[in-house]
Amino acid sequence: MTQRPARRPAPRPPEGTPAPAELARMARAVLAGAARVARWADATLSPGPGPRRDRDGSASDSGPAAKGGSGGKDGSGGKGTLSDAIAQQAATSLSLTPDQVRADWDIARLAGLIEVHGDTARPGWRLRAWNRDDSAVLRGWVAFFDAWSIAHPGPDGREPSTVAEVVSAMPQVLSFLQLSAGPVPVPQLLDLLEQRVTELRTERCEIPYGPQPEPAELTEPVEPAESAEEKAESQAEDTALAPLLDWALHALAAVGALTCADGQATLTPLGSWAVWVKLEQICVAAQSPAGNIEQGAEDMLRGCAQLRPNAARAEYRAWLAARPVGSAVTELLAAARGEDALSRGLAFEALRVVGAPAEPEIRAVADETPLRPYALLWLAEHDGHDPEDAHLVLTREEATWLWVDTAAAVADHGEAPLLVRHLESAVQPTVPALLDEVRAVGHPRTVQVLVALAAAHPDPALAKAVRRAAFQVHRGG
């Protein structure tokens with residue numbers, strides 16, 4: 001008998017953390033300019049008679065307004081950037097400068113209020129939910145918070161590798177601020193930053209390429225490990241971290257995560273909550289509910305096959321929290337390309353947990369026949385379709401291919417009654433019509449699925465027809 005994994009109690013934020021509605025109000029205030037520019041673009045640049053409005057007044061990009069968006073030939077300068085003419089038009093309409101419009105546009109893209117697809121930009125799903133969904137607002141702000149170093153690039157003239165080290169070290173600085181629960185002197189944060197950067201350099205343990213000199217004989221004098229000049233250069237490099245810390249703190253202040261005043265830094269309620277969320281994700285990763293965190297994607301998905309949906313989602317979150325998003329998405333799509341249809345379906349369930357960061361990769365695989373129905377359903381739900389209606393985006397052929405693929409998963413991992421019930425989910429009104437279209441769709445598992453269905457179905461006449469169809473497919477008919 002399978003034992004259910006112990007359920008980890010839902011974590012509670014630190015005492016004094018504002019309620020989600022209040023946090024969302026703060027996030028809306030930080031992103032107000034970005035939301036304003038995104039709404040202007042949706043209303044002004046979308047083709048058709050005008051954008052449809054939700055009941056709460058927020059703009060929606062469904063219908064004709066969604067087809068052109070606000071990018072490409074409709075107004076962007078390529079890769080989702082605004083052309084000079086459109087930036088000036090927006091500036092005039094909104095009483096801003098073109099530079100302010102461009103800055104708000106870039107923030108809207110980072111927060112998911114604007115989505116860029118190739119050379120075309122369009123309103124994101126968060127813009128549609130902006131006035132009614134506090135969780136969507138908070139996720140949008142966290143995406144902006146995560147991209148603080150992109151929103152405010154490092155100072156010119158600094159070594160890129162050093163800037164990257166500071167960016168990598170800032171989560172520990174932010175964690176210290178969160179645990180301190182109050183103002184922290186900047187010199188104390190500088191000491192912590194220098195320690196963390198030193199640890200990062202030590203962890204890399206870089207070994208120079210090429211032949212190395214032979215060890216000196218013991219009788220020869222030993223040169224000092226570091227000359228006085230080198231030591232001075234090293235100290236100067238550490239000192240150079242001070243302006244980079246200043247840049248990082250002011251960049252994080254600009255996104256609303258902290259405040260800097262009188263030589264001290266303090267996390268805002270939004271920043272404290274976001275850092276706590278990140279720390280909780282690390283805890284989840286360290287306490288993988290079913291123990292699959294160290295497995296590759298394919299083995300992890302197999303391990304989740306017997307879990308209930310909520311438990312499986314918890315496992316996906318733990319597995320994802322322990323990996324960079326990009327590599328995790330790549331690994332899940334690789335597992336989806338395998339022969340196991342159940343793993344394919346579960347991979348896209350895990351990708352639903354990933355959310356918006358997976359969209360570019362999923363759009364890129366939408367032309368691959370085995371993945372196309374799954375990708376189209378994922379994208380439809382991501383674009384705001386009701387999950388129960390998302391199947392309407394599939395053509396009859398794509399829906400049939402998905403039916404066969406799901407039947408293959410049931411045949412491999414399920415029970416006979418479940419396969420018989422799956423017959424009722426086909427889009428075709430009759431079994432003969434289903435068999436004709438299943439034979440035409442060309443799924444590689446068609447024969448096996450039909451044979452399994454014939455063996456499981458209690459109706460002898462129907463089972464005979466299904467066996468005949470399997471034979472015809474096997475013979476190439």
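Two strands count as paired here if DSSP finds at least two bridges between them. Helices (H or I, at least four residues) and strands (E, at least two) are DSSP runs, numbered from the N terminus. With that settled, let's look around.

This is a predicted model, where local features need pLDDT of at least 70 and side-chain atom pairs count only at pLDDT 80 or more, while totals for chains, interfaces and linings use all residues. Residues are numbered from 1 along each chain as its sequence is written, and side-chain values use heavy atoms, with hydrogens and water left out.

**The chain as a whole**

The protein chain holds 24 helices and seven strands. Of its 477 residues, 40% are buried; buried means under 20% relative accessible area, exposed over 50%, and partly exposed in between (1.4 Å probe, protein chains only). Its accessible surface is about 25,600 Å², and carbon and sulfur atoms own 55% of that. Those areas come from the Shrake-Rupley method with a 1.4 Å probe, and for residues only the protein chains shown count as cover. A contact means heavy atoms within 4.5 Å. Take the contacts between residues at least 6 apart in sequence: 65% of them join residues at least 24 apart.

Strands of a sheet pair through backbone hydrogen bonds, either parallel or antiparallel. In this model there is an open sheet of three strands in the order β5-β7-β6, and the pairing is antiparallel. The edge strands are β5 and β6, each of which pairs on one side only. Helix α9 (residues 160-180) packs on the sheet and touches β5, β6 and β7, with its direction at about 80° to that of β7.

Now for the pairings themselves. Strand β5 (residues 184-185) is joined to β7 by two bridges, and V184 sits opposite A265 of β7. Strand β6 (residues 258-261) pairs with β7 over four bridges, again in the antiparallel sense. Here L258 stands opposite L267 in β7, and A261 has Q264 as its bridge partner. The hairpin of β6 and β7 has two residues between the strands, and D262 takes a positive phi near 55° there.

Two packed helices are described by the angle between their axes and the distance between the axes. Axes are lines fitted to C-alpha atoms, for helices over the stretch in contact, and angles run from 0 to 180 degrees between N-to-C directions. Helix α15 (residues 309-321) crosses α14 (residues 297-304), and α15 also crosses α17.

| Helix pair | Axes come within | Crossing angle |
|---|---|---|
| α14 and α15 | 10 Å | roughly 160° |
| α15 and α17 | 9 Å | roughly 65° |

Angles under 35 degrees count as roughly parallel, over 145 as roughly antiparallel, 65 to 115 as roughly perpendicular and the rest as oblique. So α14 and α15 are roughly antiparallel to each other, and α15 and α17 are roughly perpendicular. The crossing of α14 and α15 is right-handed, and that of α15 and α17 is right-handed too. A crossing is right-handed if the near helix is turned clockwise from the far one by less than a right angle, and left-handed if anticlockwise.

Who meets whom? From α14, A297, M300, L301 and C304 meet A312, E315, Y316 and W319 in α15. On the α17 side, L346, E349, A350, V353 and V354 meet R313, Y316, R317 and L320 of α15.

**Two buried residues**

F348 lies in helix α17 (residues 341-354). With a relative accessible area of 0%, F348 is buried. Setting aside neighbours within four places in sequence, F348 contacts L333, A336, I362, L371, Y374, A375 and W378. F348 and L333 are 15 residues apart along the chain, and their C-alpha atoms are separated by 8.1 Å.

T400 has its place in helix α20 (residues 396-413). Is T400 buried or exposed? T400 is buried, with a relative accessible area of 1%. Not counting residues up to four places away in sequence, T400 touches Q428, E437, V438 and V441.
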